[in-house]
Amino acid sequence: MKDIGLALLRIVPSLMMMTHGFPKFQKLISGDFTFANPLGIGEAPSLFLTVIAEFIAPILVILGYKSRIAAMPVAFTMLVAAFVVHGADPLGKKELALLYAVIFVVISLVGPGKFGIDRK
């Protein structure tokens with residue numbers, strides 16, 4: 001049962017995260033690099049890193065391949081969303097990003113379970 005729970009914890013939030021990342025992926029491949037620059041590294045690098053965190057990394061998490069490492073950029077991006085992008089906003093605006101951050105931190109800590117490619 002624990003491994004089924006870990007699989008659900010990996011797969012469902014990752015699929016939901018990909019719904020946020022896919023439009024950004026489409027924007028990136030279309031050549032439109034306008035994007036928020038919350039860390040001051042530039043719009044294009046911010047978009048590129050966000051696509052990795054919100055679209056590419058969740059695919060790896062779903063597969064259970066290098067899940068512990070793949071979950072880290074997702075958690076980091078969600079912490080940036082909560083504390084930088086929505087830093088001045090009330091908790092209700094930060095809530096989703098914080099929930100995602102906690103989920104992906106847990107995945108980083110516990111791994112994919114036996115239903116992932118890494119099977120740990």
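A search of the whole structure, which is a predicted model, finds 4 aromatic pairs. Rings of Phe, Tyr and Trp (its six-membered ring) count as a pair if their centres lie within 6.5 Å; planes under 30 degrees apart are stacked, over 60 edge-to-face and the rest tilted. Ring pairs link Phe 22, Phe 25 and Phe 55 into a cluster.

Residues are numbered from 1 along each chain as its sequence is written. Local features need pLDDT of at least 70 and side-chain atom pairs count only at pLDDT 80 or more, while totals for chains, interfaces and linings use all residues; side-chain values use heavy atoms, with hydrogens and water left out.

**Aromatic pairs**

- Phe 22 and Phe 55 form a tilted pair, 5.6 Å centre to centre with 45° between the planes.
- Phe 22 lies in helix 1 (residues 2–29) and Phe 55 in helix 2 (residues 43–63), so this pair ties together parts that are 33 residues apart in sequence. Helices (H or I, at least four residues) are DSSP runs, numbered from the N terminus.
- Phe 22 is partly exposed at a relative accessible area of 37%, whereas Phe 55 is buried at 11%. Buried means under 20% relative accessible area, exposed over 50%, and partly exposed in between (1.4 Å probe, protein chains only).
- Phe 25 and Phe 55 form a stacked pair, 4.8 Å centre to centre with 20° between the planes. This pair also links distant parts of the chain, with Phe 25 in helix 1 and Phe 55 in helix 2, 30 residues apart.
- Phe 25 is partly exposed, with a relative accessible area of 24%.

**Helix 2**

- The 21 residues of helix 2 should span 30 Å at 1.5 Å a residue, and its end C-alpha atoms are 30 Å apart, which agrees. The expected span is 1.5 Å times one less than the number of residues.
- A kink of about 35° lies at Ala 57, shortly before the proline Pro 58. The bend is the angle between axes fitted to the seven residues ending at a residue and the seven starting there.
- Among the buried residues of helix 2 are Phe 55, Ala 57 and Pro 58.

**Nonpolar surface patch**

- Leu 39, Ile 41, Phe 48, Leu 49, Phe 76, Leu 79, Phe 83, Val 84 and Val 85 make a nonpolar surface patch of about 850 Å². Patch residues have over 30% relative accessible area and no salt bridge, and nonpolar side chains (Val, Leu, Ile, Met, Phe, Trp, Tyr) are joined within 5 Å.
- Helix 3 (67–85) and helix 2 each supply at least two residues of the patch, and helix 3 gives the most, with 5 residues.
- Leu 79 lies in helix 3 and is partly exposed at 35% relative accessibility.

Notes: Patch = residues over 30% accessible without salt bridge, like charges linked within 9 Å, V, L, I, M, F, W, Y side chains within 5 Å. Areas by Shrake-Rupley, 256 points an atom, 1.4 Å probe, with all protein chains shown as cover. Salt bridge = Lys/Arg side-chain N within 4 Å of Asp/Glu carboxyl O.
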